[in-house]
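Me: Could you walk me through this structure, one feature at a time? I would like the general idea each time, and then the case at hand.

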Amino acid sequence: MSLHTTRNLKIHQPENFEFDSIPDSHSWDDVHDHPSVEPIGPDAIPVIDLNDPKLIAKIGKACEEWGIFIISNHGIESELLNRLCSQMHRLFALPAEVKLKVAKTEGNDAGYGGAPVSHFFPKFSWSEGFAIVGSPVDHAKKLWPDDYSSFCEIIEEYNKAINSLGCRLIHAMLLSLGVSEEELCQTPIGDSSKVKTAMHLNSYPACTNPDWVLGLPPHTDSAYVAILYQNGVPGLQVLRCKDDISPTRWVTVPAVPNTFVVNIGDLLHVLSNGRFHNVLHRVTISKINRLSCACFFGPQADVKVGPLSKLAGLEQSPLYRPVTWPGLKKIRSVLHDKALQAIKIDSNYIEG
């Protein structure tokens with residue numbers, strides 16, 4: 001099969017991912033670095049009903065102990081999710097040469113291509129992505145010159161619904177940290193005008209030998225929080241460190257119908273002064289095509305995020321220096337998973 005490669009953007013997509021055997025470019029040696037376990041017993045990932053009267057306490061506990069949880073009764077209709085899924089199928093079914101018409105360019109996060117984290121790894125991921133920042137109209141016109149409106153309408157409708165859900169979840173997280181209702185809008189994350197979103201559509205094609213490929217390598221998200229919809233096929237895994245129960249292991253996140261997965265990113269870890277866990281996660285591959293839509297919530301480019309003053313007082317000094325989202329991304333582009341260490345108060349790192 002032919003390969004389409006734009007090396008500076010890490011786009012390396014085999015047509016339809018059809019191979020007689022896994023090529024070395026996509027074969028990972030460390031897929032089995034830790035055992036994979038099912039989410040049962042003490043490894044059961046929290047499932048939280050948004051109508052639960054103890055919602056605030058449960059969200060706070062999940063953020064601190066796991067950094068990830070599943071939400072039900074979220075208010076977004078399954079019919080909208082089905083239409084979104086249909087449009088994702090439509091997008092990724094396009095020929096490779098058509099999708100490459102909207103390939104990401106230097107300095108532009110929107111468009112077709114790999115995840116930014118892929119730059120740090122020697123192997124290629126078994127996945128395709130399409131990032132949407134702002135309106136998708138210009139890209140959609142290139143993909144479907146005569147029929148782009150249906151895609152844009154679904155994206156706009158979903159974006160409106162997920163933004164409302166995201167604001168609700170962020171407020172609940174802040175309340176769990178002890179921020180009062182009156183103080184919400186005084187925080188960089190509680191003021192919705194200071195929050196921006198980015199959407200990433202993902203396709204993880206089926207693989208006949210999935211034990212040696214990865215859809216996404218291990219990473220944390222730079223944003224405050226990510227809200228993920230998946231099409232019923234599991235694949236997302238989170239790392240649980242060694243404890244009294246088990247050695248370090250990858251816990252598979254279940255694909256529960258009509259739910260969303262919420263995971264904490266680096267900036268919310270900073271804002272909470274280390275209380276909320278920015279979870280390390282990866283995506284594995286199966287013999288069934290998996291689709292997902294991740295929406296990332298972060299600060300506007302000029303907003304600096306540091307530990308909330310309420311959490312960095314007399315009892316505990318601030319752990320991190322304030323940083324903007326673009327600033328953190330720049331540090332991550334150099335240091336990858338050591339980025340948060342670099343912005344610690346006691347770090348000597350100087351951004352160059």
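Reply: Gladly, and let us start with pairing: two strands pair if DSSP finds at least two bridges between them. Helices (H or I, at least four residues) and strands (E, at least two) are DSSP runs, numbered from the N terminus. This is a predicted model, in which local features need pLDDT of at least 70 and side-chain atom pairs count only at pLDDT 80 or more, while totals for chains, interfaces and linings use all residues. Residues are numbered from 1 along each chain as its sequence is written, and side-chain values use heavy atoms, with hydrogens and water left out.

Me: What is the strand order in the open sheet of five strands?

Reply: The order is β3-β12-β11-β14-β9, and the pairing is mixed. At the edges are β3 (36-37) and β9 (214-219), each of which pairs on one side only. β3 runs parallel to β12 (residues 249-252), joined by two bridges; V37 has V251 of β12 as its bridge partner.

Me: How many residues of β15 are buried?

Reply: Buried means under 20% relative accessible area, exposed over 50%, and partly exposed in between (1.4 Å probe, protein chains only). In β15 (residues 290-299), nine of the ten residues are buried.

Me: Which residues of helix α2 are buried?

Reply: First, a general idea: an α-helix has 3.6 residues a turn, so residues three or four places apart point the same way. In α2 the buried residues are L80, L81, L84, C85, Q87, M88, L91 and F92. Seen down the axis of α2, they fall within an arc of 160° (taken from the directions from the helix axis to the C-beta atoms), so they line one face of the helix.

Me: Which residues touch the most other members of the largest nonpolar core?

Reply: A nonpolar core is a set of buried Ala, Val, Leu, Ile, Met, Phe, Trp, Tyr and Cys residues joined through side-chain atoms within 4.5 Å. The largest one has 73 residues, and F69, F130, Y158, L169, M173, L201 and F260 touch the most other members. Helix α5 (residues 149-176) gives the largest share, twelve residues. Another core, of 25 residues, lies apart from it and includes V31, W66, W126 and V213.

Me: What does M173 touch?

Reply: Contact means heavy atoms within 4.5 Å. Leaving aside residues up to four places away in sequence, M173 touches I59, C63, F69, V225, V262, I264, L268 and F276.

Me: Is N73 buried or partly exposed, and what is its phi?

Reply: N73 has a phi near 50°, a positive value in a residue other than glycine. It sits in the loop between β5 and α2 and is partly exposed, with a relative accessible area of 43%. N273 also has a positive phi, about 55°, without being a glycine. Its place is the loop between α6 (266-271) and β14 (281-284), where N273 is buried, at a relative accessible area of 2%.
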